[in-house]
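Work through the exercises below with the structure open beside you. Try each task before reading its solution.

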Amino acid sequence: MATHNKTSNSIGTAQVHWDENGLPYSTHFNDIYFSKDDGIAESRYVFLNANSLAERWDSRTINSAFTIGETGFGTGLNFLLAWQLWNKRQHNKNAQLHFISVEKYPLSKNDLTKALALWPELKAFSQQLINAYPPQPLQGLHRLNFFDDRVSLTLSFGDAAEGFQQLAPISKAGPNVSSTPCSIGSAPPQIDAWFLDGFAPSKNPEMWNDALFSAIKTLSAKGSTFATFTAASAVRKQLISIGFDCQKIKGFGRKREMLIGEWLSTPEHKHKSTEADNQSTHTHFRDHKQQKLDAEPAWHLNAIPPTKKVEHCIVIGGGLAGCHTAFALAKKNIRVTLLEKNNALALEASGNRQGVVYAKLSPHDSPLNTFNLAALLYASQFYHSQGFYDKCGDPCGVLHLATNDNLRAQYQEFCEIFRESPGFFRWLAAEECEAISGVPSTFPALYLPQTGWLSPAPLCKQLVKNERIQIRTEAKVSRLQNDGSQWEITFSSGSNGSPTNKTETICADAVVLANAHAASEIEQSQYLPLKRIRGQVSHIPSTAASSQLRRVICGDGYIAPALNNTHSLGATFNLHEFGEELTDKDHQQNLGKLAGLSPALTPSTTTPSDLDGKVGFRCTTPDYFPIVGSVADYSAMTERFAFLRKKANAVIDNHGAYHPQLYANLGHGARGLCYAPLASEVLASAISGQFLPVSRELYRHMSPGRFIIRDLMRNKI
Ligand code: SAM
């Protein structure tokens, strides 16, 4: 469990000195980022050519993905060159390049921009990287997709070994975990080529440690290669001990030697302990307490990995979660049939005129705060890079008003942490809020210049515009059945209650439930504790004063700049009300919230009963985390973890019991616009057997299996 330390989410930025030739030099490591003679030629020679990338990409049709793992992202030069080469060599539009890089001391955006300006020939690529570069100093995983998602970069900010360990489905198998492969979704992802960069082992011995080599072993595919600029014998010994055949070749320029090799190990070798593992095994036996700490829960992993690659997936539900899921799956070359019970997409909770891309931001490092921040950053980049803000909204910026002392302290602290990234988060005094928003403000605010509002229904339509996605509306699913190799979905088609309704079935390799509360009507997902929370949005005509509003304002409630002379304000939260009609009481409440945010924007003569609006039912969860991942097999899971009823603090290192290839993307509450892009990328990555864009810890927090584990621990079931 993560502690609630403040700022432990943050890491240091690189201390870069710019030498007399305008080249970056690390004062921390006393080493250069790249060759003084020719950085590009050096990178190509040491990493691209020595891993035979051009030959491998030419000679082999890559149908799905090729994954590179790198230690030390630095200026991103290696990544940009790999991307450039991929563009030249890979003409199969379905093939994807995944580049995963770890970096303990990320360059500031300014230093990155300065370093990449050295390579005008890479400008088309580097500008995209600079635009998408995450804020500093933020630890953890960041997924950036480029080139119509055919190139994806997963940046792990933090120590190399930890970063790669977090990418494996599990780091250490506890005593009860079988040695058979387990999975998050499809087969565990692996690395095809390693760029072992990082400063020289003599200058940076901490990075080249046993844990790093152990992680490399876990993640290497048979036939995966490595290349590194160093020829240090300690590195060579470690690489041999984890199963690489190692060769010394001539180094770049004046360098005498460097190392290359191929991972020849058989799967058995993976389970045989090596020098790197022995080191940690000794620690295990020395200290039983430590062993307990190291045993990591494995209940979120499926004990039975699917045998079949997913080519066709059914997504149930055509709101934000379903449409985002369909989009992410289609980008990973999976054919999707989306079933929606209504006669159009986004008619229910996702049907507001304007929705805010909103996350709860806090300087405290809790898993939910980490998820909120990660989701917001991913969503911002996603909507900008896919052009969705242009098509269905406005990235006008969002002001999170600090309406009380507590919020003021929190937001100020948050902005202080991110003071090097004012392009993402900025503290504004009340006068500055006024200047930037166009309307008087009595409060200071946390300002997010890159986010804004979107119209969910047009967005959903845009998301599913893809030849791989087929939409079936008026398709109400009643039953799912697995015949051992695929899912059969039974649904009634035709408008509700119509005499022409008929029952149909459709088959697919995988199913994603993105149907909010309706998931409770499906047998396999009945156990999920989904809550319905009614929310009413009010639409008010703009006034001379309110038409000046240029930013979204959030606090207790929100107001967006006028769209077609009408503002959306919202929203109410009614846990125990289920009426679908608009109520004056809720309109009144929304107007009251607006008066709290901005008296200047509050209309003086509005009659609530004259107002239009929208009622929706948010789907939420008891812990406020969305539900993303494999759907647990309730009875098998309760049986397997029954011991938790007697001993809640027992180490849970059994694998879980999950329905094969049945997934959920549910419970986004009022934050679908913000949560659904990352949640869908997580799910599509799991389904297509790619590395996840979130840590194992966050994935466990989202897992549909968590409720069963918690309820057993609390002796509730
Ligand atoms: N590959 C880079 C490029 O294309 O620009 C150059 C990498 S530079 C020579 C080495 C990088 O390794 C530095 O950015 C440094 O901060 C990073 N590094 C050093 N120790 C590390 C560690 N323990 N974990 C992750 N990254 C580390």
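Predicted model: local features only at pLDDT ≥ 70, side-chain atom pairs only at ≥ 80, totals over all residues.

Residues are numbered from 1 along each chain as its sequence is written, and side-chain values use heavy atoms, with hydrogens and water left out.

**Exercise 1. The ligand site**

Solution. 
- Step 1: list the shell. Near means that one heavy atom of the residue lies within 4 Å of the molecule. The ligand is surrounded by 23 residues, and the closest are Gly-72, Thr-75, Glu-103, Asp-159 and Asp-197.
- Step 2: sort the shell by type. It divides into 10 nonpolar, 8 polar and 5 charged residues. Here Ala, Val, Leu, Ile, Met, Phe, Trp, Tyr, Cys and Pro count as nonpolar, Asp, Glu, Lys and Arg as charged, and the others, Gly among them, as polar.
- Step 3: find the polar contacts. A polar contact is a pair of N or O atoms within 3.5 Å; within protein, one must be able to donate a hydrogen and the other to accept it, and residues adjacent in sequence count only if both atoms are side-chain atoms.
- Step 4: check the cover. Taken alone, the ligand exposes 600 Å², and the protein buries 98% of that. These accessible areas come from the Shrake-Rupley method with a 1.4 Å probe; for residues, only the protein chains shown count as cover.
- Step 5: assign elements. α3 (77–89) and β5 (96–103) are the elements that give two or more residues to the shell. Helices (H or I, at least four residues) and strands (E, at least two) are DSSP runs, numbered from the N terminus.

**Exercise 2. Two helices**

Task: Which residues of helix α6 are buried, and how much of helix α21 is buried?

Solution. 
- Step 1: apply the cut-offs. Buried means under 20% relative accessible area, exposed over 50%, and partly exposed in between (1.4 Å probe, protein chains only).
- Step 2: take α6 (residues 160–167). Its buried residues are Ala-160, Ala-161, Gly-163, Phe-164 and Leu-167. Down the axis of α6 they fall within an arc of 165°, so they line one face of the helix. The arc is that of the directions from the helix axis to the C-beta atoms.
- Step 3: find the cover. Contact means heavy atoms within 4.5 Å. The cover of the buried α6 residues includes β4 (65–71), β5, β8 (191–196) and α7 (210–219).
- Step 4: inspect the start of α6. There, a side-chain oxygen of Asp-159 comes within 3.3 Å of the backbone nitrogen of Ala-161.
- Step 5: turn to α21 (residues 672–687). Here 16 of the 16 residues are buried, so the helix is largely enclosed by the rest of the structure. Gly-689, which follows α21, has a positive phi near 75°.

**Exercise 3. Backbone exceptions**

Task: Where do Pro-137, Ala-516 and Asn-565 lie?

Solution. 
- Step 1: recall the background. Most residues other than glycine have a negative phi, and most peptide bonds are trans.
- Step 2: check omega. The peptide bond from Gln-136 to Pro-137 is cis, with omega near 0°. Pro-137 sits in the loop between α5 (123–132) and β6.
- Step 3: check phi. Ala-516 is not a glycine, yet its phi is positive, about 45°. Its loop runs between β24 (510–513) and β25 (531–541). Ala-516 is partly exposed, at 25% relative accessibility.
- Step 4: Asn-565 lies in the loop between β27 (557–559) and β28 (566–570). It is exposed, at 58%.

**Exercise 4. Buried side chains**

Solution. 
- Step 1: follow its side chain. This reaches the backbone nitrogen of Lys-360 at 3.1 Å.
- Step 2: list its contacts. Beyond four places in sequence, Thr-67 touches residues including His-98, Ile-100 and Phe-691. Gln-690 is 623 residues from Thr-67 in sequence, but 9.0 Å away in space, C-alpha to C-alpha.
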